[in-house]
Amino acid sequence: MAQVDGSRLIGMQRTLASFGGREDGGVAREALTATEREARRWLIQQVSGPRYSWHVDAAANLFLRRAGTDDSLPPVMTGSHIDTQPVGGWLDGAYGVIAGLEALLALDSAGIDTRHPIELAIWTNEEGSRFSPGAMGSSAFAEPASLAAFLGSTDASGVRFETERDATVAATPEALNVPLGRPVRAYLEAHIEQGPILEVSGCKLGIVTGIQGVRWFEITVCGSSAHAGTTPLDDRRDALMTAARMVARIGDRAASLEDPALRVTVGRFDTAPGAINTVADRVTFTIDLRHPEEARLAAFEHHIREIVAQGTGRCTAEVRRLMQRTPTVFADEVVSIVEAAVATSGEPSYRLVSGAFHDAMHLADVCPTGMLFVPSHRGISHNAAENTDETDLIAGARILAAVLTELAC
């Protein structure tokens, strides 16, 4: 912990933010763009020496490997992502990458050799803002067969993921090819919280015990188009009014449960034909449902289906589940080591479940995994105003260095 250089950490974090940096303090560095490739090139230039080597896999995940005394052992991994939303902040996943890099440099300064190698991972396309879905790199690492479905994904300009992946791999010729799905001893990801819990609690460090589960739904309501001026209200099959009542009832049901862990979000609402003077004949809206307990997810899905079935009136409606991910529970082994390191540091801490997805969610499918959070000012993220106190960033890097050492020795 003592060998973590706070000035070096913050300097590297600020420099990385300059790749795609904006005048308002935000960062525009979407996945596999020329800007992200420049940032990768810069990262490679920060480390040298015989114990280090760079590697890349078929998903363009980039790895910095610090050799262990028994280099045949599976690596302990850390890292995150450096791609952003179209306009993101200066931290987000980039903090996990820089904190991981600083942890390796701190090991060098302390003269510590670890039995297991340690690898810093820069995962590809975590945000999913340019290519869909998100977390392509970490999910392909955990399930290599999934990569084939990602290759044809295109951005808004029609550029294929496969094309940009190939250009990104070519931009780092010194990185040796490694396979997807390699064995991993353990994975620990440092990240800003992206929520208000730590700041409100006055804690500098978040011990993350898991990631809440999620279910996505698409509800389609069908009615009949009619003239806005000539059709009486009681003679309409108004898909929009019907859908609006459903949304209100779903929101009321969520509020009535008084469950602070429940998250219900209507994120998209599409209306056809979309004319100001025409009764809508088709409405599609989405629901993002999240909770750390699978039973609560199943129960609220039942509420959604019940409300839709009972609220169609003269219309018809269909509920389609688009995606389901069970809650992720992090390994007791890793969580316990994080807790011990935090206790040693004396920093105030808080145990919590992550409300956002992270690459750690997919690594948890293949190895013991954990996460460490530092506070976010006012809980803001994916925004130019995203910020964390420098002292908190340094505190997180110190814990990360200690935990990686414990896992790798």
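In this predicted model, Glu 218 touches Arg 268, Thr 284, Phe 285, Thr 286, Glu 318, Val 319, Arg 320 and Leu 322, leaving aside residues up to four places away in sequence. One of these neighbours, Arg 268, also makes a polar contact with Glu 218, side chain to side chain, at 3.3 Å. As for where Glu 218 sits, the residue belongs to strand E8, which runs over residues 213-222. Glu 218 counts as buried because its relative accessibility is 16%, and the cut-off for buried is under 20%.

His 81 can be looked at in much the same way. This residue lies in strand E3, residues 76-81, and with a relative accessibility of 1% His 81 counts as buried too. Setting aside residues up to four places away in sequence, His 81 touches Asp 92, Gly 93, Ala 94, Val 97, Trp 123, Glu 126, Glu 127, His 191 and Asp 359. With Glu 126 there is also a side-chain polar contact, 3.1 Å in length. As for Lys 204, this residue is 123 residues away from His 81 in sequence, and the C-alpha to C-alpha separation of the pair is 22 Å.

Turning to helix H2, residues 34-44, the buried residues here are Glu 36, Arg 37, Ala 39, Arg 40, Trp 42, Leu 43 and Ile 44.

How values were computed:
Residues numbered from 1 in each chain as written. Predicted model: local features only at pLDDT ≥ 70, side-chain atom pairs only at ≥ 80, totals over all residues. Heavy atoms only, no water. Helix = DSSP H or I, 4+ residues; strand = E, 2+ residues; numbered from the N terminus. Buried < 20%, exposed > 50% of the residue type's maximum accessible area, 1.4 Å probe, protein only. Polar contact = N/O pair within 3.5 Å; in protein donor to acceptor, adjacent residues only side chain to side chain. Contact = heavy atoms within 4.5 Å.
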